Amino acid sequence: MKLKPDFLMDLDFKPSNEWPASVPALALSNQLICGFNLSSHHPVFEHTFQNQDHSLILLKSIYPQLTLPELARLIKSPVFSQYFEIDSLLKAYQYHASPELTEILNLLFNCNSDFQNFVSFKKIGPQELVPLLMLDEDNRIFVTQEVLNANESKQDSVKRIELLCDLIQMKNTTECLQDLNQNQLLQLRHPVTTSRDQSLSATSLPWSSQIKKKFKRQGDKAGFDIQFFAGTPVELNKLAQNLTKVAQEWNLKA
Amino acid sequence: MIHNLEKIFIDKRSVNSEVADRARQIFPKNKIEIVENEPWSEIKRNLTAEEFDRSKKNIFLTPFDGQFFKRCPGSTQKKVLNCCNYHVLNLGSQCPMNCSYCYLQSYLNSPVSKIFTNIDQALSELKMMADTNSHLPFRVGTGEIIDSLALDPLTLYSRKLISFFTQYPKWTLEFKTKSDQVDQFLDLGPSQNTVVSWSLNADYVIQKEEHGTASLNDRLGAALKCIQAGFSVAFHLDPLIYHTNWQENYTELVSRITTQFLPEQVNVISLGTLRFQPEQRHMMKKRFGLNSLVTQAEMFPSEGAKLRYDASLRNEMFKFVYNLFKNNSDRWKIFLCMETPETWISTFEAQPLQKPELKDMFRPLPSIG
Ligand code: SF4
C-alpha cells in the first residue's frame with residue numbers, strides 16, 4: 001500500500017517533528033496517524049481500528065509526548081472522535097480534562113501557527129495561558145504578537161502574557177503597551193511599588209566608598225545588595241561603623 | 001443570607017437530622033430535594049468560576065465522615081509564621097457571601113456548599129479532647145472554611161456550641177463572621193468564653209470587595225448586641241486593602257470602633273493585609289474582573305508562598321492602623337495575623353511572645369488535633 005492516494009489525511013495535526021523518511025508511516029485503518037510529511041510513494045503499515053483504547057496506545061507509542069498546540073490540532077481534526085476519546089487522550093498526556101483546558105485548546109487552535117509553535121517550543125503549560133482567556137480576539141492577537149516579537153525565555157514570556165492581559169483589562173490601550181520591555185510593563189502594572197522603589201533607591205545615605213551597593217527587589221522586599229572587602233579587623237570595624245550610620249539615617253528617612 | 005440559597009439538597013442519611021427539619025420549616029418545598037449522592041459529584045477537578053458561583057447558592061446537608069477537629073492552617077506552614085494557638089472545627093464548607101479575595105477560591109473544590117448534620121458526633125469528638133485538656137487555654141474556631149454565623153439561622157449550631165463550651169471555661173469558642181446573624185443565640189449569654197469576632201473593613205472596601213456581606217454598621221451593631229448579652233467580642237481588620245484613600249478610610253473605620261467600644265470590651269484586634277495563594281489570582285480575575293482593588297493589587301511572592309503587598313507598604317499600613325488605636329488608648333490589644341517575624345518586629349519592635357498582652361495567645365501548647 002502506498003501512502004497516497006490510498007490513505008486519508010484527516011488526522012493530520014501537523015506534528016512539530018517530521019516523521020523520518022527511513023521509517024514506514026502508520027495508519028489506523030485508512031487514516032494516517034503519522035508521516036503526513038512523506039511523499040506519496042512511502043510505505044505504510046496499516047493497523048485495523050479496533051477501539052479507542054487501542055488507538056490511544058498506538059498514538060502514545062508513536063508520540064510519547066505531545067505539546068498543547070499539537071493536542072489542540074489533533075482534537076480539532078474532523079474525524080478525531082471516531083478514533084479517540086478526548087478525556088483519555090488528555091489523561092494519557094498528563095493533562096486533566098476540564099472546561100478551562102478545553103477553552104485553552106480552542107484558543108490555541110485559533111492562534112496563528114507562529115504562536116502555536118512558540119508555545120510548543122517553550123513548553124508553555126495551560127495555566128500559563130489562562131490570562132488570554134479573559135481577552136477578546138483582537139486583544140488576544142495583540143498579546144500573542146507582542147510575545148512573539150519579544151522572543152524571551154519561557155519565564156519572561158509567561159510573565160509578559162499575564163502583564164499584558166492585566167494591563168489591557170485595566171483599560172490601557174494596546175498602543176501604549178506596544179513594544180514595551182518587561183520593566184516598563186512592570187512599572188505600569190505596579191505604579192505604587194515602582195515609585196516607592198524609586199524613592200528608596202534615590203535616598204541619599206552616607207555609604208562608604210568601599211561598599212558596593214546595588215538597589216534590588218526580591219519578591220515582596222526591596223533593599224540594597226551590599227558587598228565589601230575587609231583585609232583587617234580594623235577595616236572591618238570601620239565598615240561596620242559606616243553601616244550602622246547608614247542604618248540610622250535610613251531609619252530616619254523611612 | 002440563607003434566603004439567597006437557591007436549592008437545599010438533603011442527603012438521604014440526614015433526612016432525620018435537626019438541620020433538615022429546620023430546612024423544611026424555613027424553605028418552600030420546591031427548594032428542597034432529597035438525594036442519595038452529593039450533587040454534581042461527577043466534578044472531580046478544580047471548579048470553574050461559574051461552578052464556584054453556583055456552589056455558593058446550593059447547599060447539601062450531609063453527615064461528615066472525617067476528622068472534625070483540626071489545627072489552624074498557619075501553624076502547619078513550613079516556614080514558621082507567627083500564629084496563635086488556634087484550632088478549627090469545620091461544621092460545613094463554602095459561604096453564601098462573596099468576597100473577592102476569599103481564600104476559599106483556591107481551597108475548596110466541592111461543587112456545593114455543605115452543612116455537616118452530625119454535629120453531635122463533632123461535639124463528642126471535642127469532648128474527648130477537652131476532657132483531657134480542660135486546664136489548657138485552647139481556642140477553637142468554626143470559621144475556617146465557612147462563615148461561622150451566616151448560615152446559623154438555619155443550623156442553630158451556635159447554640160449547641162455555646163452550651164458545650166460553658167463546661168470548659170478555660171477553652172474559648174470563637175465565631176468569625178462578616179454577617180450580622182447573632183439574634184439566634186443572644187439568650188444564651190452571658191458566656192465570656194465565647195468570642196464572637198467580626199472581620200471589619202473600611203466601608204469603601206466592604207462595598208467594593210465584600211459582596212453580600214453585612215454592612216459595617218450592621219456588623220458593629222451586632223457586636224454591640226453580643227457585648228450587651230455578655231459575650232466576648234473581637235475584631236479582625238483583615239484584610240487591610242491598599243487603595244487611594246486608604247488612610248482616611250481606615251481612620252474612619254478605627255474611629256467608628258473606638259467611639260462605639262471600649263478597649264476592655266474587645267478581646268483582641270487582629271490586623272492583616274491582603275494576601276492570597278498565587279494560583280487563586282486567575283479565578284479572582286475571572287470572577288471579579290480587573291476593576292477590583294484586589295485583582296488590581298500590586299502583589300509579590302512572599303513567605304509561605306503567598307502573594308502579599310511590598311513589605312514596606314505592609315509595615316506602613318500596620319503601623320498606621322496600630323497607631324490609630326494606640327493613640328486612642330494604650331489598652332487596645334492588637335496583633336498581626338499570618339505575618340512573618342520580620343513584620344512583627346518592624347511594626348511592634350517585638351515578637352508576639354515579648355508582648356505581655358499577647359503572651360498567652362501565642363504560647364505553644366501541646367498538639368491535640
Ligand atoms: S465572608 Fe469569609 S468565607 Fe465568606 S466569602 Fe467572604 S472571605 Fe470568604
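Two cavities of 30 Å³ or more are counted in this predicted model, a cavity being, on a 1 Å grid over the protein atoms alone, a set of points where a 1.4 Å probe fits but cannot get out, with lining residues having an atom within 4 Å of a point. The largest cavity holds about 120 Å³, where a volume is the space filled by probe spheres set on the points and grid points are joined across faces, edges and corners. Its lining comprises 13 residues, of which B:Leu91, B:Asp147, B:Ser148, B:Thr155 and B:Tyr157 are the closest to the centre. Two elements of chain B, α5 (152-155) and α6 (157-165), each give two or more residues to this lining, and α6(B) gives the most, with three residues; helices (H or I, at least four residues) and strands (E, at least two) are DSSP runs numbered from the N terminus. By class the lining of the largest cavity has seven nonpolar, four polar and two charged residues, with Ala, Val, Leu, Ile, Met, Phe, Trp, Tyr, Cys and Pro counted as nonpolar, Asp, Glu, Lys and Arg as charged, and the others, Gly among them, as polar.

Residues are numbered from 1 along each chain as its sequence is written, while chains are lettered from A and ligands numbered from 1 in the order in which they are written. Because the model is predicted, local features need pLDDT of at least 70 and side-chain atom pairs count only at pLDDT 80 or more, whereas totals for chains, interfaces and linings use all residues, and side-chain values use heavy atoms, with hydrogens and water left out.

The second largest cavity, with a volume of about 30 Å³, is lined by A:Gln52, A:Asp53, A:Leu56, A:Phe84, A:Glu85 and A:Ser88. Helix α1 (residues 52-62) of chain A supplies the largest share of that lining, three residues, and the lining divides into two nonpolar, two polar and two charged residues.

Around the ligand stand B:Lys56, B:Cys95, B:Met97, B:Asn98, B:Cys99, B:Cys102, B:Leu104 and B:Lys178, each with a heavy atom within 4 Å of it. This shell divides into five nonpolar, one polar and two charged residues.

Between the chains, 25 residues of chain A are in contact with 25 residues of chain B, contact meaning heavy atoms within 4.5 Å. The two chains bury about 2,100 Å² between them, 52% of it on carbon and sulfur atoms, buried area being the accessible area (1.4 Å probe) that two parts lose on being put together, summed over both. On the chain A side, A:Met134, A:Arg196 and A:Asp220 lose the most area to chain B, together 29% of what that side buries.

Turning to the sheets, chain B has an open sheet of five strands in the order β2-β1-β3-β8-β6, with mixed pairing, where two strands pair if DSSP finds at least two bridges between them. Its edge strands, β2 (32-35) and β6 (92-93) of chain B, each pair on one side only. Within chain B, strand β3 (residues 58-62) and strand β8 (residues 113-116) pair in the parallel sense over four bridges, and B:Thr62 stands opposite B:Phe116 in β8(B).

An open sheet of three strands in chain B has the order β15-β17-β16 and antiparallel pairing. Here β15 (275-276) and β16 (300-301) of chain B stand at the edges, each with a single partner strand, so one side of each is left without a neighbour in the sheet.

Key:
1 Å grid on protein atoms, 1.4 Å probe; cavity = no way out; pocket = protein on both sides within 12 Å on 5 of 7 lines; lining within 4 Å.
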